[in-house]
Amino acid sequence: MKGGDVAICSECETIAQHTRGAPGHAGLISLGPVRSLRAVSRKATHEAFVCVVCDTGWDYLDDKRDPSAGWTRC
Ligand SMILES: [Zn+2]
């Protein structure tokens, strides 16, 4: 990407945000688990990813008690 361009790739565009269980895509690399307060207090799994195509950062929150958990761009 060149200077300040915030466009995301077509693969990232297809990711359904805030939908638990929605798939990511093959170009996402896991940066490992995130030890967030929310994850610990709710016994949820929180993991950070980055897209190798467009460099977009993603968070995946797997929280059984929150149906709107899932992918979030960051
Ligand atoms: Zn992407």
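Before I start, one definition: a residue is buried under 20% relative accessible area, exposed over 50%, and partly exposed in between, with a 1.4 Å probe and protein chains only. By that cut-off Asp-62, at 26%, is partly exposed.

What you see above is a predicted model, where local features need pLDDT of at least 70, side-chain atom pairs count only at pLDDT 80 or more, and totals for chains, interfaces and linings use all residues. Residues are numbered from 1 along each chain as its sequence is written, and side-chain values use heavy atoms, with hydrogens and water left out.

I'll take the metal site to begin with. The zinc ion is coordinated at 2.3 Å by the SG atoms of Cys-9, Cys-12, Cys-51 and Cys-54. Donors here are N, O and S atoms within 2.8 Å of the metal (3.2 Å for Na, K and Ca); water is not among the atoms, so sites may look incomplete. The four donor atoms subtend angles of 104 to 114°, so the arrangement is tetrahedral; four donors count as that if all angles lie between 85 and 135 degrees. For reference, the ideal angle for four tetrahedral donors is 109.5 degrees. The donor spacing in sequence is C-x2-C-x38-C-x2-C. Cys-9, in the segment before helix 1, and Cys-54, in the loop between strand 2 and strand 3, are 45 residues apart. Both Cys-9 and Cys-54 are buried. Helices (H or I, at least four residues) and strands (E, at least two) are DSSP runs, numbered from the N terminus.

Next, the salt bridges. The rule is a side-chain nitrogen of Lys or Arg within 4 Å of a carboxyl oxygen of Asp or Glu, and the count is two. In one of them, Arg-20 meets Asp-62, with the closest N and O atoms 2.7 Å apart. Arg-20 sits in the loop between helix 1 and strand 1, and Asp-62 in strand 3, so this pair ties together parts 42 residues apart in sequence. Arg-20 is partly exposed at 38%. Asp-63 bridges to Arg-42 at 3.1 Å between the closest N and O atoms. Asp-63 is buried, at 1%, whereas Arg-42 is partly exposed, at 30%.

Last, the aromatics. Rings of Phe, Tyr and Trp (its six-membered ring) pair if their centres lie within 6.5 Å; planes under 30 degrees apart are stacked, over 60 edge-to-face, the rest tilted. That gives three pairs. Tyr-60 and Trp-71 have ring centres 4.8 Å apart and planes at 55°, so they are tilted. Tyr-60 is in strand 3 and Trp-71 in strand 4, eleven residues apart. Tyr-60 is buried at 15%, and Trp-71 is buried at 5%. Phe-49, Trp-58, Tyr-60 and Trp-71 form one aromatic cluster.

Note on methods
Tetrahedral: all angles 85-135°; square planar, octahedral: opposite > 155°, others 65-115°.
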